[in-house]
Amino acid sequence: MKFLTHWTTAFITLFVLTFIGLQDYSFKETLRLKSFDYMLANEEVSQSQDITIVTIDEEAIEKYGQWPWPRDVLAHVVLELRNAQTGIIVMPILFSEPDRFDGDWVFCEALEMGTVIAQTGTTQKRTSNPVPRGVAKIGNPLDYLFEWPGMVGPDVELAECAGGVGVINTAPEIDGVVRRVPLLMKIGDEVYPNMAIETIRVAVGDPSYQVKADEFGVVAMRVPGYDTIKTDANARIWVRWNKEFKTISAASNDFSDAAGTTVIIAMTAEGLGGVIATPTGEKYDYVISANTLQTVLDGETIVRYDSLVELIIAFVLGIAIIFIVRYSPYWVIGFAIIFVTISLPVYANLFFKQNLLLVDITWMLLTFLIVAFHGTFLRFILEFRLKQQIRKQFEKYLDPRQVAILVKDPSKLKLGGERKEMSFLFMDIVGFTPISEYYKNKDDPEGLVNVINDYLNRMSKIVLKNGGTIDKYMGDCIMAFWNAPLDCPNHAEMAVKTSIECAEETDRIKKEFKEKGLPDINIGSGVNTGTCIVGNMGSEMRLDYSVIGDAVNLAARLEAQTRNYKDENGKVTPTLYSSYTKEQLENIKSVEVDKIKVKGKEELITIYKPV
């Protein structure tokens, strides 16, 4: 369990997410495509100068009758458009059967005037009058083209009359939305062009196409005499949705606004036109043909590179946030999360606007956020354990207010050894033997324990109140220190102040003892200030937060010296401190007591007591 909550397990999460990213599961693809929709749908829209839509709408149905119209009616519309000096006329309508009104001969004549009609791939193995188109191949593109089991083409006579026959099928993505359109499809070894690319071919008057492929798929294609079109590996292009098209009803008597443009005759009357899903919402199926053609005419195709670079970026971001979460303050973590969350969409949108480059930020963002939150959770666990450790270690030795400060900010506690200037207090009962003999004679050891515990309790409260840390109890002796683990700038003064207050509390205890008939007691306290090593010390099995150093030993020696100095009434001097402590006292007056030589030191030590 401890391993699972170690901060380095965030790396395992990162590796797992990277592995999932390499597999490119369907949910990952769906996330990616949805992010692309935002950019595709939010391009600035402008009016197309190349394409006009002539609609077979309710007004046209009212004028010419119910659909399907006799072919001579369609021929009339085509002739009217020709008279208006329009360009190629595109009809994404399937004319797979002869006209029931025998008007095909009229329609056929109209089709000879620069038109493109439709054929459609079918999932059934049905091939009816398909119209393939010759392709000059560089490499082997056939293995990468979308394939249909069958193809339903126009009536043979109409196919021969029309300038071109294009496929109107789309290739929806995994979520059913059309974003990319294949420019070439196949059945067996026969290649069939999309309606848009067939329109280009008819416009330039070339009989075939050129396709280039490498070992990874289709690279590009072109109509001789027209610019090269870069495609993906399956000969698809991303459709742009940044154009609005002039719309004229087929019932109109004036098509002059369509002059000089390619015209798409589309069915929009209720119940006639098919509806498909696009990044900008549901659209009539003719919109796909119009936008695909416009995308090719503009010559600015959307680019989408391999996702490996994005996966590497996601991995690098994951590593970065793991170390940020581990070693930085929480405000830095929050800033990093907010910055990356905002900047990734901004940069992706910038790349698209400036270079028409689609960058998938979803897996980068998902990886980054999951790893960030996992790392943060692990840090919470680590800090919680540290706080529990601090509380457990110090709650008996520090004032609760100090413990709360350490728990709130564990950085104030430097684990391990630290060299620091501190003040130390050793305090012991002077005259403990008579008390011990008193309870021994009464055969009441419990009473002696109660007296000692009461004494230690009352002295400890004073130490803790004054910001001291109780290091240990040694029988009736208390060892305490100041300036660790929390800083205490006036540590010398607080140590001496504590000694004075403990002496005053002892006077109160003496009165209580006298009332109970107990022997008299006094205390002796030694205080010293100096540099020591403080921190967690001990073994792997048991640690103790303590201090070591010569300055600590001197405080213990001074405590023992208190027995040698008494006032005129024979009372033991309760507090002695060294010149090192006296130098740092500002609010406590001192009087020199003596110069002594203590064990372990060659020089004389000047000792003082408070006035």
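The model contains one disulfide, a disulfide being a pair of cysteine sulfur atoms within 2.5 Å. The count of salt bridges comes to 26, where a salt bridge is a side-chain nitrogen of Lys or Arg within 4 Å of a carboxyl oxygen of Asp or Glu. This is a predicted model, in which local features need pLDDT of at least 70 and side-chain atom pairs count only at pLDDT 80 or more, while totals for chains, interfaces and linings use all residues. Residues are numbered from 1 along each chain as its sequence is written, and side-chain values use heavy atoms, with hydrogens and water left out.

**Cysteines**

- The disulfide joins cysteine 108 to cysteine 161, with an S to S distance of 1.4 Å.
- This pair links distant parts of the chain, 53 residues apart: cysteine 108 is in helix H5 (residues 104-111) and cysteine 161 is in helix H6 (residues 156-161). Helices (H or I, at least four residues) and strands (E, at least two) are DSSP runs, numbered from the N terminus.
- Cysteine 108 and cysteine 161 are both buried. Buried means under 20% relative accessible area, exposed means over 50%, and partly exposed is in between, for a 1.4 Å probe and protein chains only.
- Cysteine 477 takes part in no disulfide, and the nearest cysteine sulfur, that of cysteine 502, is 12 Å away. Cysteine 477 has 8% relative accessibility and therefore counts as buried.
- Cysteine 488 is likewise in no disulfide; its nearest cysteine sulfur belongs to cysteine 532 and is 14 Å away. With a relative accessible area of 11%, cysteine 488 is buried.

**Salt bridges**

- Side chains of opposite charge can pair when their charged atoms come close.
- Arginine 179 and aspartate 175 form a salt bridge through their side chains, at 2.6 Å from N to O. Arginine 179 is buried, its relative accessible area being 0%, whereas aspartate 175 is partly exposed at 26%.
- A salt bridge at 3.2 Å, N to O, connects the side chains of arginine 458 and aspartate 454. Both residues lie in helix H14 (residues 445-465), where arginine 458 and aspartate 454 are four residues apart, about one turn of the helix.
- Arginine 458 counts as buried because its relative accessibility is 16%; aspartate 454, at 33%, counts as partly exposed.
- The side chains of glutamate 501 and lysine 497 meet in a salt bridge at 2.5 Å, N to O. Glutamate 501 and lysine 497 are four residues apart in helix H15 (residues 491-516), so about one helical turn separates them.
- Glutamate 501 has a relative accessible area of 15% and is buried, while lysine 497 has 31% relative accessibility and counts as partly exposed.

**An open sheet**

- Four strands make up an open sheet in the order E5-E12-E13-E14, and their pairing is mixed. Two strands pair if DSSP finds at least two bridges between them.
- Strand E5 (135-138) and strand E14 (229-230) are at the edges; each has a single partner strand, so one side of each is left without a neighbour in the sheet.
- E14 pairs with strand E13 (residues 217-222) in the antiparallel sense, over two bridges.
- The bridge partner of alanine 220 is lysine 230, which is in E14.

**Isoleucine 548**

- Isoleucine 548 belongs to strand E24 (residues 543-548).
- Its relative accessibility is 49%, so isoleucine 548 counts as partly exposed.
- Apart from neighbours within four places in sequence, isoleucine 548 is in contact with Cys532, Ile533 and Met537. Contact means heavy atoms within 4.5 Å.
- From C-alpha to C-alpha, isoleucine 548 and glycine 417 are 9.8 Å apart in space, with a separation of 131 residues in sequence.

**Serine 579**

- Serine 579 is located in helix H17 (residues 579-582).
- At a relative accessible area of 17%, serine 579 is buried.
- Not counting residues up to four places away in sequence, serine 579 touches Thr606 and Tyr608.
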